[in-house]
Structure formats: C-alpha cells, structure tokens
Amino acid sequence: MENSLFSKPRELFLDIVNPRDYVQIDSVSHMYQSLKSSVQKPLKMILLYGRPGTGKSMLLHKLHHDLSKHQKVLMVSTPIVDEDDFLRVLAQNIFGHAPREVMTLNRFLEISSALSLSSIPIVLLDEAQLYSPALMEKIRLISDARAIKFVITLHKTDQEDIIAKEHFQTRIWESIELQNATAEELKIYVQKKLLKSNCFDVANMFNDKNMKLIATLTKGNYRDTNKLLFSLFSLYCWYEENNPTLIKYNAIKPKWIEMAAIHTGLIHA
Amino acid sequence: MLDIKKLERRWLKYKLKSYAPYFIVLIVIITSLIGSLIWLNTKKPIQPPIMTNKLNIPPKNTTQKTPMPLNDQNTTVLEPSMEFVQSFQNTPIQEDASKSPAVLSKKPVHTQSLPSTPKTLNMPEYTSPPIIPTAVKSTNRDGSLSINRNNENKLDINDLQSRFKETSNANLGLFIARYYYDHGNYDEAYNYALKTNNINNRIDESWILFAKSLVKLGRTDQAKKTLQLYITQSNSETARGLLDAIERGNFK
C-alpha cells in the first residue's frame with residue numbers, strides 16, 4: 001500500500017495548513033502581494049475575509065512565515081477568548097514581559113509604551129469572528145494606540161456581513177476579500193501541487209472534464225478540494241491493491257470522483 | 001477506512017436518483033404521446049361528417065357568413081369564394097402588400113376551418129436582418145472595470161521545461177507536450193512528444209500527440225507513416241483509430 005503510485009499524492013492533499021505547501025496561483029498571489037504591501041503601510045488594522053476554504057489561513061501562515069524573518073510577528077491560530085489570557089500572551093510574546101498581576105488594557109499599553117521598538121510589531125489573528133465584541137474593542141484600542149498592528153481573518157457568511165459591523169467599518173483601513181477558485185485555478189492548484197512533488201504521472205491523469213467535475217462538487221473551495229482528492233487517492237490506493245485492472249492510468253474516472261465526493265459528504269446519496 | 005462496496009452501492013443509488021427526473025420526463029412525454037394518439041384514433045369514428053365551409057369573403061376583407069340552407073344532417077355547407085385568391089395571383093404580392101395588408105394579416109372571423117387550397121402564396125424570401133456587431137463591454141454591472149490578465153493562470157511551463165532538461169522524465173515530457181498541444185503550440189508539442197518518445201517509446205499517448213501535432217503542422221503523410229510504424233510495433237488500438245480518422249479526413 002505504501003509503495004502505491006497514489007499514496008504520495010494522497011498525503012499531499014492532507015488538510016494541513018503548512019506555508020511550505022503554499023501553491024502560487026496568480027489570483028491568490030496577487031492578493032498576497034497586496035496583503036504584503038498593506039502590512040508595510042502605516043495601517044492600524046488589515047482585514048482578510050472570504051468564505052470558508054478560500055485560503056485565508058494559508059495566506060496568513062504564509063505571511064507569518066515570510067515576515068518573521070525580518071520583524072516581530074506573532075501568529076494566533078486558535079482564538080484566545082479570555083481577555084486577560086489574550087493580553088498576557090501578547091505581552092509575553094511581543095514585549096517579553098510576563099507580569100504576575102492581572103493584565104489590564106492600561107497595563108498592557110504602559111508596557112508597550114515603555115519599550116521603544118524599532119518597528120510596530122504585527123499580530124496575525126486567525127478566525128477573528130470567534131472573538132467577543134468586548135475583546136475586539138480592546139484590540140481596536142491597542143491598534144489605535146499604535147502599540148500593535150493587527151492582521152485579522154474573518155469568515156464571510158450570508159447571514160451577516162461582518163464588514164458592516166461598526167467596529168470594523170470605522171477602523172479597518174484596508175480589507176482584502178478572497179474568492180473561491182474557478183475550475184481553471186483549481187486545475188492549476190492541483191497540478192502544481194502534484195508537480196511540486198514530482199507526481200508527473202498522476203498530474204497527467206487530470207483532464208479538463210475531471211477538473212470541471214471537481215470544481216462543481218467543491219464549488220472552488222480549496223479545503224473541500226483537498227478533502228475530495230485525499231479520498232479519491234485513497235480509493236485509488238484501494239483499487240490498486242485489490243482490483244488493479246479497473247484503474248485507467250490515462251485519466252481519472254469520474255465515477256471515482258463522485259464516489260470520493262459521496263465519502264466526503266459533498267454529495268448526499 | 002473506506003468501505004468500497006458500500007460506497008459503490010451509494011454511488012449507484014445517487015446515479016439512479018440523478019437520472020430519475022429525466023426518466024420521469026421521458027415517461028410523461030411518451031405516455032402523453034401514446035394517449036394523444038389513442039384519443040385521436042378513438043375520436044375519428046365519432047366525428048361528424050366533414051363540413052364544407054364556404055366562406056364568402058368580400059374583396060375589402062369583411063367576412064360575412066352567407067346564410068345557406070341546412071342539409072338533412074343539419075350541417076352547414078359553405079362555399080368559399082376564391083376571388084381573393086385570384087386577386088393575389090393577378091397582382092404581385094410586393095405591390096399588394098402596401099395596398100391591402102389587412103387581407104393577408106387578418107384572420108377570418110369564422111371558427112370553421114377553411115378548406116385547404118392547393119394554391120400557395122408567393123411570399124418574398126425571408127432575409128434575416130443584418131447582425132450589427134456590438135462592442136464587448138468590459139464594465140461590470142456595478143460599473144467597475146474588470147481587467148483580463150491573459151498571462152495569468154498558467155503553469156510555470158519554463159520551470160517544468162528546465163526540470164525536464166534536468167530529469168529527462170518521460171511523464172513530465174508528456175505533460176509538457178500535452179500542455180503545448182492544448183494551447184495550440186504544435187511545434188513545441190511535436191518537439192516534446194519526440195523527446196518523450198526518445199526517452200520511452202512505449203507511451204501510447206506520446207505517439208498519438210506526436211502524430212496529431214504532425215497533422216496540425218500540415219505533415220499528414222509523415223504522421224500516417226509514423227502511426228503505421230507504431231501500429232506494427234505496438235498494435236495500439238488508439239493509434240489505429242487515429243490513423244483511420246486521418247485517412248478519412250475526420251482529423252485535420
């Protein structure tokens with residue numbers, strides 16, 4: 001099973017956010033460049049938003065990976081919902097200060113003003129929709145005081161337009177919206193990912209028809225695409241071991257794509 | 001862990017479900033057709049004797065029902081006045097259209113069907129209005145400009161080419177050949193298919209791409225010879241199919 005032609009491609013599509021797996025697609029690359037240039041501007045807050053699976057977390061991790069070489073950057077992947085904990089983590093990781101007493105906003109601002117850093121440190125907050133309005137207000141005050149520059153990611157939902165919320169509307173200086181991938185972009189994403197790992201023969205198996213079907217099933221969602229392809233290659237591994245005559249090495253079987261979609265819940269059957 | 005048997009059953013169920021609406025529509029159409037045919041067949045014997053409708057249409061298009069005596073079966077016998085048809089035949093339609101357009105366009109008031117006349121009207125041939133080319137707007141609904149960046153969304157083909165130079169991987173060569181063929185660059189498709197064949201001469205698709213590129217480059221004879229040689233060596237069905245298509249002129 002481990003020597004299977006499809007075991008390596010399967011591992012490639014494990015749904016893990018790793019900046020080394022970042023695949024450069026022109027539209028995303030354009031977004032990333034504008035995000036990078038926004039970080040260099042004297043902005044207080046930068047908002048990165050979009051529907052789930054549009055690559056927000058990946059971009060944020062990539063930004064962290066690239067910026068941390070040159071300046072102080074803190075990545076908060078999992079939201080810290082407790083206010084005291086949040087300020088304490090920030091003070092400790094950015095200013096290297098771990099007070100024993102309860103950390104208040106005033107105390108935090110005192111610490112930051114006491115330290116004269118050459119550049120404003122950057123904090124990257126993923127899944128910021130999980131933070132309470134009270135904590136978001138404190139984040140706003142910290143950014144207003146220019147103690148820290150925040151880059152936050154948010155889910156855009158149909159129910160509520162987060163951008164319309166007051167504390168974002170007035171304080172965000174730059175917002176970048178990420179879109180779902182088109183069939184063409186998804187094809188490039190899949191093929192680049194496979195080619196990057198020298199899986200040429202498997203990359204050859206994907207044709208336009210396959211990619212159209214995958215894009216229809218996943219609606220251009222990168223996370224769903226990863227899940228679908230992981231299941232698809234798991235299927236191929238199984239067939240390679242148990243029924244290899246069924247495998248056609250010149251194209252991916254649409255039936256198996258649909259079966260993988262059923263397995264991942266993209267098709268309700 | 002994947003339960004393939006269960007997954008295949010679920011897939012079959014999904015396929016049946018997805019085709020069900022088409023089946024239903026097809027069944028409805030067939031049954032309605034059959035129903036209407038049966039209805040027409042059963043209707044025929046009950047139908048009363050065919051009425052001979054006689055319309056007396058005055059030249060100024062005022063249709064008037066002429067009172068006719070009823071026959072024994074209480075059916076109206078109308079006699080059509082063919083004067084208006086004769087008037088069409090006597091005068092060219094182009095001239096007549098401007099003078100009495102109402103005769104042509106107005107439908108008869110009577111609900112009875114007119115007896116079919118063997119004469120046909122010589123109407124001028126319909127010529128479709130000239131299509132006025134419209135400028136393609138690049139503005140969106142909200143008025144914002146959308147810029148198409150044609151150089152985007154391409155694989156780093158140069159990168160792949162340099163990797164091919166380093167690795168001489170036949171699969172990568174095939175990938176590049178296919179990429180160029182899909183993008184209409186048949187020279188490069190030919191080159192890479194040739195290189196791939198030199199590395200591994202057992203890849204069916206590479207030979208096919210090679211022959212196809214030759215045809216696209218106008219070297220059909222060379223493509224045929226190549227395919228014939230390859231068929232004798234490999235007995236490939238795909239190659240044979242392509243050769244047939246080229247010979248029949250289906251693939252150009």
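**View 1. Elements of chain B in order.** From the N terminus on, the elements of chain B run α-α-α-α-α-α-α-α-α-α. Chain B has 10 helices and zero strands; helices (H or I, at least four residues) and strands (E, at least two) are DSSP runs numbered from the N terminus. This is a predicted model, in which local features need pLDDT of at least 70 and side-chain atom pairs count only at pLDDT 80 or more, while totals for chains, interfaces and linings use all residues. Residues are numbered from 1 along each chain as its sequence is written, and chains are lettered from A and ligands numbered from 1 in the order in which they are written. Of the 252 residues of chain B, 16% count as buried (20 or more other C-beta atoms within 10 Å of the residue's own, with C-beta atoms placed from the backbone).

**View 2. Helix H7 of chain B and its neighbours.** H7(B) covers residues 186-199, 14 residues in total. From first C-alpha to last H7(B) reaches 20 Å, close to the 20 Å expected (1.5 Å times one less than the number of residues). The buried residues of H7(B) are Ala189(B), Tyr190(B), Tyr192(B), Ala193(B), Thr196(B) and Asn197(B). These pack against helix H6 (170-182) and helix H8 (204-216) of chain B.

**View 3. The crossing of H8(B) and H10(B).** The axes of H8(B) and helix H10 (residues 237-248) of chain B come within 10 Å and cross at roughly 15°; axes are lines fitted to C-alpha atoms over the stretch in contact, and angles run from 0 to 180 degrees between N-to-C directions. The two helices, H8(B) and H10(B), are therefore roughly parallel to each other (angles under 35 degrees). H8(B) contributes Asp204(B), Trp207(B), Ile208(B), Ala211(B) and Val215(B) to the contact, and H10(B) contributes Thr238(B), Ala239(B), Leu242(B) and Ile246(B); residues are in contact if their C-beta atoms, placed from the backbone, lie within 7 Å. By class, this contact has seven nonpolar, one polar and one charged residues (Ala, Val, Leu, Ile, Met, Phe, Trp, Tyr, Cys and Pro are nonpolar, Asp, Glu, Lys and Arg charged, and the others, Gly among them, polar).

**View 4. The side of chain B that touches chain A.** The contact takes 18 residues from chain B and 22 residues from chain A. On the chain B side, helix H1 (4-46) and H6 are the elements that give two or more residues. H1(B) gives the most, with seven residues. The residues on this side of chain B divide into 10 nonpolar, three polar and five charged.

How values were computed: A residue is buried if 20 or more other C-beta atoms lie within 10 Å of its own, exposed if 12 or fewer, and partly exposed in between; C-beta atoms are placed from the backbone. Two residues are in contact if their C-beta atoms, placed from the backbone, lie within 7 Å. Angles under 35 degrees count as roughly parallel, over 145 as roughly antiparallel, 65 to 115 as roughly perpendicular and the rest as oblique.
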